Amino acid sequence: MGRLVVVSNRIADPRKTAAGGLAVALAEVLNNTGGLWFGWSGKIVDHSEDDDVHIQQAGPVKLAMVDLSKVDHDAFYLGYSNGVLWPVFHYRLDLADFDAGYITGYRRVNQLFARKLAPLLRSDDIIWVHDYHLIPLAAELRALGCNQRIGFFLHIPLPPPLILAAIPGHDWLIRALFAYDLVGFQSKADHSHFCEYIETEAHAQDMGDGRWRAFNRTVQAGAFPIGIDVAEFNALTEAPEGREMYERMRREYSRRKLLVGVDRLDYSKGLPQRMRAFREVLQRYPEARNSATLIQIASPSREDVSAYSDILHELESLCGSINGNFGELDWMPVRYMHRTVARARLPGLFRASRVALVTPLRDGMNLVAKEFIASQDPENPGVLVLSRFAGAAEQMREALLVNPYDIEGTASAIQLALQMPVEERRVRYEALMKTLRRFDVHWWCDSFLESLAKAKAEETGTPWLRL
Ligand code: ADP
């Protein structure tokens, strides 16, 4: 295999353990090939003329970063990526802000990335582009004469064609995917939405084996559900910080059953619906009062996008009213924290919890669901209540699957989870662990890269992108 080049909006230093499973898995392959990781530096600079590439060596991996101007960052990141693509791809047309200027900023930054990356490339490099910020990157690289193998992985969901078609410029976006050799999705559902879209909107020809022909190119597409680093999670659970957190939580809540929710504070995560379902549990099942505590941790996220401050206020007021209505002097039903928890402490928190509530309205995969299961004590495991609308639900059938819009149905599932006997908890846990071990983050990385090594689009030459 040639050198691996990873391109993503944000870069994580692969030497830092806080970077998480994905960065660690990518770093492993990057280390083996002496690879390059290219992306935004995270810095916003005053003048767009200062667009030098900053190079840093992180062990055998080279990190190459560009700064963005404020205008570019606003249109590309806040505007098009998080004001249009994020909500629409999560089925939230009502939250999309279709400002016409955003798409040109989005394209401008993809062109900047391509212009800065192209001179760093070798002819036998294998390039792996990540996520919705960079959909047109391969097309821009091709326009500069790059013929390398290029793969794309979409970490968020892809909606059905009629939702996708609401985006002005949707045809341009999807056409841009045909500049890749391989396009990967999180779930079979996302992959089938892509197939439906290109068949109906672009009259693509099905060439068999996941290959599609349109716009004079053949692209390979498939589902590659992302996994976690199970070994890393086991190690974190056993490490002093993980154990200490576990002991502390057990001591603190020895008389109570803990429920846990850990999310970015995002409207896709279904947090208000989750709180309403928990309130319903307290209302309907008096035995849960004084005996169940929900710890909800929601880390601050994209606070400069307005839809995010609305969800913050809604959540705060719901938590306040549940505590006000049900709380006792010695028991608060909900402990809500608007912050990030250190990664090393998460497994201890998960292990001390009887139930995890992972109830997004829509989610590409949801790694918290997998991390919760991987942290459990095999002899006395907790129960996962999982939204059927998370990509993870395709793989994690032994969780208690719920429809998060159905507050009463979710409340019943939470009560079932709180009451579930240990034998049933073990059976479910073992089945879930089997899947997690088999389809871990290394499987994801290897299977994508193997498919990319085999896929080579046949091109008959076409001028690429006209916005
Ligand atoms: P998303 O990518 O939409 O944020 P995922 O569940 O797929 O959702 O991934 C989130 C990652 O971030 C997981 O590894 C999870 O442990 C971590 N994470 C999410 N919320 C928090 C939090 N409040 N504190 C610490 N880590 C968090």
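Visitor: Is arginine 276 buried, partly exposed or exposed?

Guide: Arginine 276 is partly exposed, with a relative accessible area of 29%. Buried means under 20% relative accessible area, exposed over 50%, and partly exposed in between (1.4 Å probe, protein chains only). This is a predicted model, in which local features need pLDDT of at least 70 and side-chain atom pairs count only at pLDDT 80 or more, while totals for chains, interfaces and linings use all residues. Residues are numbered from 1 along each chain as its sequence is written, and side-chain values use heavy atoms, with hydrogens and water left out.

Visitor: Which side chain does arginine 276 meet in a salt bridge?

Guide: Its partner is glutamate 314, at 3.0 Å, N to O. A salt bridge is a side-chain nitrogen of Lys or Arg within 4 Å of a carboxyl oxygen of Asp or Glu. Arginine 276 lies in helix H10 and glutamate 314 in helix H11 (residues 306-326), so the pair ties together parts 38 residues apart in sequence. Helices (H or I, at least four residues) and strands (E, at least two) are DSSP runs, numbered from the N terminus.

Visitor: And is glutamate 314 buried or partly exposed?

Guide: Glutamate 314 counts as partly exposed, at 32% relative accessibility.

Visitor: Turning to lysine 269, what does its side chain meet?

Guide: The side chain of lysine 269 forms a salt bridge with that of aspartate 363 (2.9 Å, N to O). The two residues are 94 residues apart, in distant parts of the chain. Both lysine 269 and aspartate 363 are buried.

Visitor: How many salt bridges does the structure hold?

Guide: There are 18 salt bridges in the structure.
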